[in-house]
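Welcome! Please take a moment to look over the chain before reading on, and keep the 3D view open beside the text.

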Amino acid sequence: MESNQLNSPKVFSHKGQGKSTHFQAQMKRVFTSLYRQPKTMLMVSIETGILRANICRYVAEWEKENRICIVRKGICPISKHRAGFYTTNPELFPIVEPSNTVKL
């Protein structure tokens with residue numbers, strides 16, 4: 001084997017092919033982590049080793065699809081700052097009353 005082949009980058013047949021599967025795997029790990037127990041984004045980042053910026057992007061996408069919800073707001077045990085605790089488990093989503101009901 002030639003020495004210049006040892007350090008050559010991997011070549012993918014399709015542009016972005018490697019990135020797509022990488023981010024899909026990350027999304028699955030984040031989704032699973034939040035399904036098990038409500039957590040802040042920082043808690044998930046430290047648990048999984050995934051950048052918080054990526055987690056934020058995944059959460060925003062899932063919010064548009066109604067696949068994630070903030071269960072409560074509280075103090076993050078890591079940062080000691082106020083933060084939202086998210087879950088992807090539909091059984092833990094808060095019950096929302098219809099807004100068209102008239103209260104007497």
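The report below starts with the overall layout and then visits some parts of the chain in turn.

## Layout and confidence

What you see is a predicted model. The chain contains four helices and two strands, and from the N terminus on these elements follow the order α-α-α-α-β-β. Of the 104 residues in the chain, 28% are buried. If you take the contacts between residues at least 6 apart in sequence, 49% of them join residues at least 24 apart.

How confident is the predictor? The chain has a mean pLDDT of 85, and 77% of its residues reach 70 or more. Among the elements, strand 2 has the highest mean pLDDT (98), while helix 1 (residues 3-6) has the lowest (49). Two stretches call for a careful eye. Over residues 1-5 the pLDDT stays under 50, and the model has one contact beyond four places in sequence for them. Residues 10-14 also stay under 50, with two contacts beyond four places in sequence.

## An aromatic cluster

How many aromatic pairs does a search of the whole structure find? There are two aromatic pairs. One of them joins phenylalanine 31 and tryptophan 62 edge-to-face, with 5.2 Å from centre to centre and 80° between the planes. Phenylalanine 31 belongs to helix 2 (residues 17-36) and tryptophan 62 to helix 4 (residues 52-64), so this pair ties together parts that are 31 residues apart in sequence.

Tyrosine 58 and tryptophan 62 also form a pair, this time tilted, at 6.2 Å centre to centre and 40° between the planes. Both of these residues lie in helix 4, four residues apart, which is about one turn of the helix. Put together, Phe31, Tyr58 and Trp62 make up one aromatic cluster.

## The nonpolar core

Tyr58 and Trp62 turn up again in the largest nonpolar core, which has twelve residues. Which helix gives the most? That is helix 4, with four residues.

Leaving aside residues up to four places away in sequence, methionine 41 touches Arg52, Ile55, Cys56, Val59 and Tyr86.

## Helix 3 and what follows

Helix 3 is mostly covered, with six of its eight residues buried. The buried ones are Met41, Leu42, Met43, Val44, Ser45 and Thr48.

Which way do the strands pair, parallel or antiparallel? Strand 1 (residues 69-75) and strand 2 (residues 82-87) pair in the antiparallel sense, over six bridges. To see the pairing for yourself, find lysine 73, which stands opposite glycine 84 in strand 2. The hairpin of these strands has six residues between them, and there lysine 80 takes a positive phi near 65°.

Arginine 72 lies over the face of phenylalanine 85, 3.9 Å from the ring centre.

## A closer look at glutamate 63

To finish, go back to helix 4, where glutamate 63 has its place. Is glutamate 63 buried, exposed or partly exposed? Its relative accessibility is 39%, which falls between the 20% and 50% cut-offs, so glutamate 63 counts as partly exposed.

Glutamate 63 touches Ile68 and Tyr86, again not counting residues up to four places away in sequence.

Notes
Residues are numbered from 1 along each chain as its sequence is written. This is a predicted model: local features need pLDDT of at least 70, side-chain atom pairs count only at pLDDT 80 or more; totals for chains, interfaces and linings use all residues. Side-chain values use heavy atoms; hydrogens and water are left out. Two strands pair if DSSP finds at least two bridges between them. Rings of Phe, Tyr and Trp (its six-membered ring) pair if their centres lie within 6.5 Å; planes under 30 degrees apart count as stacked, over 60 as edge-to-face and the rest as tilted. A charge sits over a ring if NZ of Lys or CZ of Arg is within 6 Å of the ring centre and within 35 degrees of the ring normal. A nonpolar core is a set of buried Ala, Val, Leu, Ile, Met, Phe, Trp, Tyr and Cys residues joined through side-chain atoms within 4.5 Å. Buried means under 20% relative accessible area, exposed over 50%, partly exposed in between (1.4 Å probe, protein chains only). Contact means heavy atoms within 4.5 Å. pLDDT is the predictor's confidence in each residue, from 0 to 100.
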